[in-house]
Amino acid sequence: MAIEIILTKDVENLGNQYDLVKVKPGYARNYLIPRGLAQTATVSNRKSLTELLKQRAHKEEKAKTDAENMAKKLKDMLVQIPAKVGENGKIFGSVNSIQLAEAIQKLGYIVDRKNISLPSDTIKTTGKYTATVKLHRDVVTEVAFEVVSE
C-alpha cells in the first residue's frame with residue numbers, strides 16, 4: 001500500500017519539488033515529512049499546490065528558456081583552468097568542481113558547483129575533459145574544459 005505526498009524539496013531518486021508522488025507510509029511518516037521534504041497530499045494541500053503551480057508556470061518557462069540559451073553558449077566553449085603543474089603533467093593538488101565553477105563564472109555565467117559532475121571526483125593531470133552541468137531540472141549540458149599549466 002502506498003500514500004500520496006507532495007514533495008516540498010527535490011529528493012534524489014524520488015522526484016522534484018512540488019511533484020505528487022506515491023511512497024510507502026513509513027517512508028513518508030518517518031523520513032520525508034519530519035525532515036520537511038514532503039507534506040501529505042490532503043485535499044487542501046492539493047488545491048494550494050494547483051494554485052501555486054499555475055502561478056509558477058510562467059516563471060518556470062522563463063527559467064527554462066534562460067537555461068537552454070546558457071546551455072547552447074556553454075556547449076560551444078572551451079573553459080581553461082590554470083593549475084600549477086610538475087613533471088609529466090601532474091598537477092600539484094587537483095582540479096574539482098569548485099575550480100570549474102569559478103572558471104565558468106569568470107566567463108560571465110553563474111553555475112552552482114553542486115550541479116557540476118566531473119568525469120572523476122578530482123582531476124590530477126593536465127588535458128581536455130568534459131563535465132556534465134545541470135542548469136535546470138530539464139536542462140543538462142556538457143561543458144568542455146582544459147586543465148593547463150600556469
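I began with helix H3 and asked what lies over its buried residues. The cover includes H2, strand S4 (78–83), S6, S8 and S9. I note here that the model is predicted.

Next I listed the residues being covered. In H3 (residues 97–106) the buried ones are Ser97, Leu100, Ala101, Ala103 and Ile104. They sit on the same side of H3, because they cover an arc of only 160° around the axis. I recalled the general rule: an α-helix has 3.6 residues a turn, so residues three or four places apart point the same way.

Then I checked both ends of H3. Which residue caps the N-terminal end? Asn96 does, with a side-chain oxygen 3.1 Å from the backbone nitrogen of Ile98. After H3 comes Gly108, and its phi is positive, near 100°.

I followed the strands named in the cover. Strand S6 (residues 116–117) and strand S8 (residues 127–136) run antiparallel and are joined by two bridges. Within this pair, Ile116 stands opposite Val133 of S8.

S8 has another antiparallel partner to look up. How many bridges join S8 to strand S9 (residues 139–149)? I found nine. Tyr129 has Phe145 of S9 as its bridge partner. S8 and S9 make a hairpin, and two residues lie between them.

**The three-stranded sheet**

I moved to the sheet that holds S1. It is open, has three strands in the order S2-S1-S3, and its pairing is antiparallel. Strand S2 (20–23) and strand S3 (38–40) are the edge strands, each pairing on one side only. From one strand to the next, the twist averages 45°.

Strand S1 (residues 3–7) runs antiparallel to S2, with four bridges between them. Ile5 is opposite Val21 of S2. I then asked what packs on this sheet. Helix H2 (residues 43–75) does, touching S1, S2 and S3. The direction of H2 makes about 40° with that of S1. H2 had already come up in my notes, as part of the cover over the buried residues of H3.

**Ala38**

Is Ala38 buried or exposed? Ala38 counts as buried because its relative accessibility is 6%, and the cut-off for buried is under 20%.

I listed what Ala38 touches, leaving out residues up to four places away in sequence. The contacts are Ile5, Ile6, Leu7, Thr8, Leu32 and Ile33. One of these, Ile5, is the residue opposite Val21. I also checked Ala38 against Val21 itself. They are 17 residues apart in sequence, and their C-alpha atoms are 9.7 Å apart in space.

Last, I looked at phi angles. Most residues other than glycine have a negative phi. I wrote down two residues with positive values.

Asn13 is in the loop between S1 and S2. Asn13 is not a glycine, yet its phi is positive, about 65°. Asn13 is exposed, because its relative accessible area is 79%.

Tyr18 lies in the loop between S1 and S2. Tyr18 is also a residue other than glycine, and its phi is positive, near 70°. How accessible is Tyr18? Tyr18 counts as partly exposed, at 22% relative accessibility.

Note on methods: Residues are numbered from 1 along each chain as its sequence is written. This is a predicted model: local features need pLDDT of at least 70, side-chain atom pairs count only at pLDDT 80 or more; totals for chains, interfaces and linings use all residues. Side-chain values use heavy atoms; hydrogens and water are left out. Two strands pair if DSSP finds at least two bridges between them. Axes are lines fitted to C-alpha atoms, for helices over the stretch in contact, and angles run from 0 to 180 degrees between N-to-C directions. Contact means heavy atoms within 4.5 Å. Buried means under 20% relative accessible area, exposed over 50%, partly exposed in between (1.4 Å probe, protein chains only). The arc is that of the directions from the helix axis to the C-beta atoms. A polar contact is a pair of N or O atoms within 3.5 Å; within protein, one must be able to donate a hydrogen and the other to accept it, and residues adjacent in sequence count only if both atoms are side-chain atoms.
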